[in-house]
Amino acid sequence: MRKRASFKVTRLALLWSRCDRTYLWRSHQLRYFVAVVDEGSFSRAAAKVRVAQPSLSQQIRKLEAEVGQPLFDRLPRSVVLTEAGRCLIDYARQILASIGDARRCVDELKDKVAGGLAVGAIPTIAPYVLPELIGKFQKHYPEVTLEIVEDVTDGITRRVEAGELDVALASTCQQSPTLRRESMGNEPLLALVPKRHPLAKKTLVTLDDLKSQRFLLLHEMHCLSQQVNHLLAVRRLRPEIALAGSQLGTIANMVAAAIGVSIVPHMMVKHQATPGCVSLPFAPPVPERELNLLYNPLRFQSKAAAAFRREAAAAFSTQRSSIARDAK
């Protein structure tokens with residue numbers, strides 16, 4: 001059964017490689033198919049690709065007729081990939097990425113920086129870096145159409161590797177043949193304590209100062225939470241975790257309410273002051289996190305992507321200078 005499905009998928013891949021009207025029509029089917037897989041629902045997929053659900057369902061049925069097998073098991077409350085669907089999904093992502101690369105390659109024949117650019121960022125970077133960075137980028141390159149995606153590290157890296165994102169801003173992650181990290185430097189982490197906390201009067205703190213405190217951290221799906229837990233584990237500290245949240249803003253407000261303490265990025269404190277909180281630098285060795293720009297080295301890199309990488313490098317260089325001034 002698997003060999004037969006793989007043969008049909010390979011045949012479809014060859015058919016979709018033809019640059020004719022039928023090819024363009026089938027690329028829409030693939031885009032709808034991937035959307036259903038990503039969203040886990042026909043209705044949510046239709047909203048994502050901005051088509052009516054009946055139209056999307058019809059195109060999926062035509063795609064299944066072409067493959068000769070159902071791609072989804074349609075359950076009462078969800079859809080699940082069949083074996084044929086599982087065989088097809090990776091090919092579909094590759095084909096759509098190739099289409100995007102082909103379009104960008106053609107756009108590169110123009111002198112100006114234009115076309116589409118998909119940019120991703122993790123939640124502990126996006127709100128503090130992207131607004132100013134995107135604003136400057138759009139001012140310098142007004143003919144680039146931007147798509148912005150905010151997701152946790154696992155989601156961001158998967159999208160970069162799949163060709164859904166051209167570039168992304170993240171912290172710690174594993175490098176692979178389809179994922180390249182370009183260092184944007186390191187960022188110090190700060191202790192965040194309530195304004196009336198005894199530690200708030202100190203100039204510098206250590207991790208040992210926090211060993212008896214209740215901690216407020218992001219959920220473990222966030223790399224910042226993993227980084228903080230690693231820091232604590234290295235010091236053999238096992239503090240009580242009072243909250244696993246999903247947003248740094250919520251964490252800060254909880255700290256202000258004297259529910260516990262936290263460890264947060266410098267950029268958050270600089271851009272998001274929270275009344276009732278005091279941020280404290282650590283004594284050396286100062287805990288830090290990596291800041292990286294991610295891209296897929298196997299994909300075509302457009303002028304827009306190259307321009308964004310330059311703008312991002314300049315923005316993080318400015319941030320490092322600002323941090324150095326604050327430390328003096």
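This is a predicted model: local features need pLDDT of at least 70, side-chain atom pairs count only at pLDDT 80 or more; totals for chains, interfaces and linings use all residues.

Reply: Lys 48 has a relative accessibility of 42%, so it counts as partly exposed. The partner to look at is Asp 38: the two form a salt bridge in which the closest N and O atoms are 3.8 Å apart. Asp 38 belongs to helix H2 and Lys 48 to helix H3, so this pair ties together parts that are 10 residues apart in sequence. The cut-off for a salt bridge is 4 Å between a side-chain nitrogen of Lys or Arg and a carboxyl oxygen of Asp or Glu, and the 3.8 Å of this pair falls within that limit. Asp 38 counts as partly exposed too, at 27% relative accessibility.

Asp 38 also forms a salt bridge with Arg 93, and there the closest N and O atoms are 2.8 Å apart. This second pair links distant parts of the chain, since Arg 93 is in helix H5 and Asp 38 in helix H2, 55 residues apart. Buried or exposed: which of these describes Arg 93? Arg 93 is buried, with a relative accessible area of 15%; the limit for that label is under 20%.

Arg 93 has another partner in Glu 164, and the side chains of these two meet in a salt bridge of 2.7 Å, N to O. Glu 164 sits in the loop between H7 and E5 while Arg 93 lies in helix H5, so the pair ties together parts that are 71 residues apart in sequence. At 25% relative accessibility, Glu 164 counts as partly exposed.

These pairs are part of a wider set. A network of salt bridges links Asp 38, Glu 39, Lys 48, Arg 93, Asp 151, Arg 158, Arg 159 and Glu 164. In the whole structure, the search finds 14 salt bridges.

Glu 164 leads on to the largest pocket. That pocket holds about 1100 Å³ of space. It is lined by 30 residues, and the closest to its centre are Arg 31, Ala 118, Glu 147, Gly 163 and Glu 164. Which elements each supply at least two residues of the lining? They are helix H2 (21-39), helix H3 (42-49), helix H5 (83-107), strand E3 (115-121), strand E4 (144-150) and helix H7 (153-162). H5, the helix that carries Arg 93, gives the largest share of the lining, 7 residues. By class, the lining has 12 nonpolar, 6 polar and 12 charged residues.

Back at H3, the helix that holds Lys 48, the buried residues are Phe 42, Ala 45, Ala 46 and Val 49. Seen down the axis of H3, they fall within an arc of 100°, so they line one face of the helix.

What follows H3 can be described briefly. Just after the helix, Arg 50 takes a positive phi of about 65°. Ala 52 is in the loop between H3 and helix H4 (53-67), and at 45% relative accessibility it counts as partly exposed. Ala 52 and Phe 42 are 10 residues apart along the chain, and their C-alpha atoms are separated by 10.0 Å.

Note on methods: Residues are numbered from 1 along each chain as its sequence is written. Side-chain values use heavy atoms; hydrogens and water are left out. On a 1 Å grid over the protein atoms alone, a cavity is a set of points where a 1.4 Å probe fits but cannot get out, and a pocket is an open set with protein on both sides within 12 Å along at least five of seven lines; lining residues have an atom within 4 Å of a point. Grid points are joined across faces, edges and corners, and a volume is the space filled by probe spheres set on the points. Helices (H or I, at least four residues) and strands (E, at least two) are DSSP runs, numbered from the N terminus. Ala, Val, Leu, Ile, Met, Phe, Trp, Tyr, Cys and Pro count as nonpolar, Asp, Glu, Lys and Arg as charged, and the others, Gly among them, as polar. Buried means under 20% relative accessible area, exposed over 50%, partly exposed in between (1.4 Å probe, protein chains only). The arc is that of the directions from the helix axis to the C-beta atoms.
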